[in-house]
Amino acid sequence: MAETNTRTAAPTETETRDVVELILRDHRRMEDLFRLMRSVEADRAQALREFADLLIAHAHAEEAKVYPALKRYKKIDDDEVEHGEEEHEEGNKALLALLEVDEVGSDEWDSKLEELVEAVTHHADEEERTILNGARENVAMERREELGEEFLAERERRLGTDCGSVENVRRIVGS
């Protein structure tokens, strides 16, 4: 049960609904999960399962609820938003490659993990510098909180569907 609570619980530190802060929290959780997936002392397979669900749910919620809304703001670059969507695809492909490795902790697993870390870290860094900073500067807090509610609801809905399963990630990458 703790696994579900860790993965799906709404943010509790300050109970923010600011979409920028919610996305940043997911990014920090992904970094934590990368550390666990690299650790020989951790349950690396469990960390990967949590990561896969979070990545797929997070990206879907951004693309369904956040990115379309941000494209309406003149000072948020549409090209950056579209580039973010392209980077989600790259992350999904890297995730699939790791999910398809048979042996957790093998040399191949470690190699595919590093490719995933690179793709996701690059995307998160760019998204934080461009899209999220643009949202902070140009979108009123009330609207960011509305978007945060929509993002959380969509994210939670996806998390409840085993969205990070290898079969679902194959479907997403293949579409």
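**View 1. Helices H3 and H6 make a right-handed crossing in this predicted model.** H3 covers residues 44-70 and H6 covers residues 141-159. Their axes lie 8 Å apart, at an angle of about 145°.

**View 2. Residues in the contact of H3 with H6.** H3 contributes Asp53, Leu54, Ala57, His58, His60, Ala61, Glu62, Ala64, Lys65, Val66, Ala69 and Leu70. From H6 come Arg143, Leu147, Glu150, Phe151, Glu154, Arg155, Arg157, Arg158 and Leu159. The contact counts 10 nonpolar, 9 charged and 2 polar residues.

**View 3. Helix H6, its span and its buried residues.**

**View 4. Helices H3 and H4 make a left-handed crossing.** H4 runs over residues 78-99. The axes of H3 and H4 come within 11 Å and cross at roughly 160°. Angles over 145 degrees count as roughly antiparallel, and H3 and H4 are therefore roughly antiparallel to each other.

**View 5. Residues in the contact of H3 with H4.** On H3, the residues are Leu48, Phe51, Ala52, Leu55, Ile56, Ala59, Glu62, Glu63 and Tyr67. They meet Val81, Gly84, Glu85, His88, Gly91, Asn92, Leu95, Leu98 and Leu99 of H4. By class, 11 are nonpolar, 4 polar and 3 charged. Glu62 of H3 is in this contact and in the contact with H6.

Terms used: Residues are numbered from 1 along each chain as its sequence is written. This is a predicted model: local features need pLDDT of at least 70, side-chain atom pairs count only at pLDDT 80 or more; totals for chains, interfaces and linings use all residues. Side-chain values use heavy atoms; hydrogens and water are left out. Axes are lines fitted to C-alpha atoms, for helices over the stretch in contact, and angles run from 0 to 180 degrees between N-to-C directions. Helices (H or I, at least four residues) and strands (E, at least two) are DSSP runs, numbered from the N terminus. A crossing is left-handed if the near helix is turned anticlockwise from the far one by less than a right angle, and right-handed if clockwise. Contact means heavy atoms within 4.5 Å. Ala, Val, Leu, Ile, Met, Phe, Trp, Tyr, Cys and Pro count as nonpolar, Asp, Glu, Lys and Arg as charged, and the others, Gly among them, as polar. The expected span of a helix is 1.5 Å times one less than its number of residues. Buried means under 20% relative accessible area, exposed over 50%, partly exposed in between (1.4 Å probe, protein chains only). Angles under 35 degrees count as roughly parallel, over 145 as roughly antiparallel, 65 to 115 as roughly perpendicular and the rest as oblique.
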